[in-house]
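Me: I have a structure to go through with you. Shall we take it in short questions and answers?

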Amino acid sequence: MVDEEVVLPGNTGGAVRVGDTVRRPTGPWTPAVHALLEFLHPRIPCVPKVFGFDDQGREVIEFLPGTVVDFRTEALTDGQLTSLTRWTKSFHNEIAGFSHPGPWRYFPIAGANTVGHNDIGPFNVCFDGDELAGVFDWDMAGPSTRLGDLAFLAWTAVPLAAPREPQDVARRLRLLASVYAGPSALEILRATPPRIQVIIDGLPRAADAGDAGMANLVRNGVPHRCEAELAALQSMTADVASHLA
């Protein structure tokens, strides 16, 4: 019996579940991403195993079961934010031993000095209760910085993209910064706008260059939504910062 293909959610398109695997289209970045996953899989938890390619030329990756949280309608619990941040620190520590010439898919990031996931957020992870169970969608991995990854994590997991009361935003930023034990909450807050601007500027350029997945994101209005959400964040940044003083 052949397993049925189940279309998986996502804005770039093309990912399907087949049994205990995920199949998705490849690109010039795939060899670098597979090398990264093969390096990480035996070293840290929650990283999918690479199984190669199927007869349609799609990559075959381990399916990681768990609960995915829609950060635009439901906030991560403090426990989930803690476990995701702790994993991010472990990932950053382990990745220091990895290098690859690429090519990579993600947009250039100023001062890149490591390889980042570049897309860490509730939509690309799953949980078992409060504990992280999986981190997937690694296609955006590539040259980055620790602070850049943390800024994007704050954008999606605090979330700065959909902020509520400044005092609660500050509290969750402090939690993230405390668990990671690196840049301060204020440094992460200040690093977020330029990190999101990378997306706003990079998506249309990648779409124009022929990346079909990035074109899907542009068609779905991601750059415009990011612009609106970034403007909302900037309008309350001073209030959030006052609670971090």
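Me: Which residue does arginine 24 meet in a salt bridge?
Reply: This is a predicted model. The contact runs N to O at 3.5 Å. Arginine 24 sits in strand β3 and its partner in the loop between β8 and β9, so the pair ties together parts 115 residues apart in sequence. The partner is aspartate 139.

Me: Is aspartate 139 buried or exposed?
Reply: The cut-off for buried is under 20% relative accessible area. Arginine 24 counts as buried because its relative accessibility is 9%. Aspartate 139 has a relative accessible area of 7%, so aspartate 139 is buried.

Me: Which residue forms a salt bridge with arginine 105?
Reply: The closest N and O atoms are 2.7 Å apart. Arginine 105 is in the loop between α2 and β6, and its partner is in the loop between α5 and α6, 106 residues apart. Both partners are buried. The partner is aspartate 211.

Me: Where does aspartate 54 lie?
Reply: Aspartate 54 forms a salt bridge with arginine 23, with the closest N and O atoms 3.3 Å apart. Arginine 23 is in strand β3, so the pair ties together parts 31 residues apart in sequence. Both residues are buried. Aspartate 54 lies in the loop between β4 and β5.

Me: Are α2 and α3 roughly parallel or antiparallel to each other?
Reply: Their axes come within 11 Å and cross at roughly 165°. Angles over 145 degrees count as roughly antiparallel. The crossing is right-handed. α2 and α3 are therefore roughly antiparallel.

Me: Which residues in α5 does α4 meet?
Reply: The axes of α4 and α5 are 8 Å apart, at an angle of about 110°. The two helices are therefore roughly perpendicular. From α4, the contact uses Leu173, Arg174, Leu176 and Ala177. In α5 they meet Ala185, Ile188 and Leu189.

Me: How many residues of α1 are buried?
Reply: Helix α1 spans residues 30–40 and is mostly covered. Among its buried residues are Val33, Leu36, Leu37 and Leu40. The buried residues pack against β4, β5, α2 and β6.

Me: Is alanine 238 buried or exposed?
Reply: Alanine 238 is in helix α7. Proline 166 is 72 residues away in sequence, yet 9.1 Å away in space, C-alpha to C-alpha. With 58% relative accessibility, alanine 238 counts as exposed.

Notes
Residues are numbered from 1 along each chain as its sequence is written. This is a predicted model: local features need pLDDT of at least 70, side-chain atom pairs count only at pLDDT 80 or more; totals for chains, interfaces and linings use all residues. Side-chain values use heavy atoms; hydrogens and water are left out. Axes are lines fitted to C-alpha atoms, for helices over the stretch in contact, and angles run from 0 to 180 degrees between N-to-C directions. Helices (H or I, at least four residues) and strands (E, at least two) are DSSP runs, numbered from the N terminus. Angles under 35 degrees count as roughly parallel, over 145 as roughly antiparallel, 65 to 115 as roughly perpendicular and the rest as oblique. A crossing is left-handed if the near helix is turned anticlockwise from the far one by less than a right angle, and right-handed if clockwise. Buried means under 20% relative accessible area, exposed over 50%, partly exposed in between (1.4 Å probe, protein chains only). Contact means heavy atoms within 4.5 Å. A salt bridge is a side-chain nitrogen of Lys or Arg within 4 Å of a carboxyl oxygen of Asp or Glu.
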